[in-house]
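Visitor: I have a model open and would like to go through it with you. Can we start once it is on screen?

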Amino acid sequence: MGLDDKIENTTDKLTGKGKEAAGGATGDEDLKAEGKGDQAKADLKQAGEKVKDVFK
């Protein structure tokens, strides 16, 4: 996994956590759900990168 990919995945996950927190604080369930989705997407991307590393 390249450093750029790690940084991008971490950034996506932190952005998702921020959206989730903002949605929770404002009562915006759509924003909260979007944040959770962003975090899940970042986790999947990171898992895919780890699988690619195994086969290098």
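Visitor: What kind of model is it, and what gets counted?

Guide: This is a predicted model, in which local features need pLDDT of at least 70 and side-chain atom pairs count only at pLDDT 80 or more, while totals for chains, interfaces and linings use all residues. Residues are numbered from 1 along each chain as its sequence is written, and side-chain values use heavy atoms, with hydrogens and water left out.

Visitor: Does the span of H1 agree with its 24 residues, or disagree?

Guide: It agrees: helix H1 covers residues 3–26, should span 34 Å at 1.5 Å a residue, and has its end C-alpha atoms 34 Å apart. The expected span is 1.5 Å times one less than the number of residues. Helices here are DSSP runs (H or I, at least four residues), numbered from the N terminus.

Visitor: What comes after H1?

Guide: Gly27, with a positive phi near 80 degrees.

Visitor: Which residues of H1 are buried?

Guide: Asn9, Gly16 and Gly23. Buried means under 20% relative accessible area, exposed over 50%, and partly exposed in between (1.4 Å probe, protein chains only).

Visitor: What do they pack against?

Guide: The buried residues of H1 pack against helix H2, residues 29–54.

Visitor: Gln39 next. Where is it, and is it buried or exposed?

Guide: Gln39 is in helix H2 and counts as buried, at 12% relative accessibility. Leaving out residues up to four places away in sequence, Gln39 touches Lys13, Gly16, Lys17 and Glu20, where contact means heavy atoms within 4.5 Å.

Visitor: Which side chain does Gln39 make a polar contact with?

Guide: That of Glu20, at 2.6 Å, side chain to side chain. A polar contact is a pair of N or O atoms within 3.5 Å; within protein, one must be able to donate a hydrogen and the other to accept it, and residues adjacent in sequence count only if both atoms are side-chain atoms.

Visitor: How many salt bridges are there?

Guide: A search of the whole structure finds six. The criterion is a side-chain nitrogen of Lys or Arg within 4 Å of a carboxyl oxygen of Asp or Glu.

Visitor: What does Lys19 pair with?

Guide: Lys19 meets Glu34 in a salt bridge at 2.7 Å, N to O. Lys19 lies in helix H1 and Glu34 in helix H2, so this pair ties together parts that are 15 residues apart in sequence. Lys19 also forms a salt bridge with Asp38, at 2.9 Å, N to O. That pair links distant parts of the chain, with Lys19 in helix H1 and Asp38 in helix H2, 19 residues apart.

Visitor: Changing topic: which residues make the nonpolar surface patch?

Guide: Val51, Val54 and Phe55 make a patch of about 360 Å². Val51 is in helix H2 and is partly exposed, with a relative accessible area of 47%. Patch residues have over 30% relative accessible area and no salt bridge; nonpolar side chains (Val, Leu, Ile, Met, Phe, Trp, Tyr) are joined within 5 Å, and like charges within 9 Å. Areas come from the Shrake-Rupley method with a 1.4 Å probe, and for residues only the protein chains shown count as cover.

Conventions:
Helices (H or I, at least four residues) and strands (E, at least two) are DSSP runs, numbered from the N terminus.
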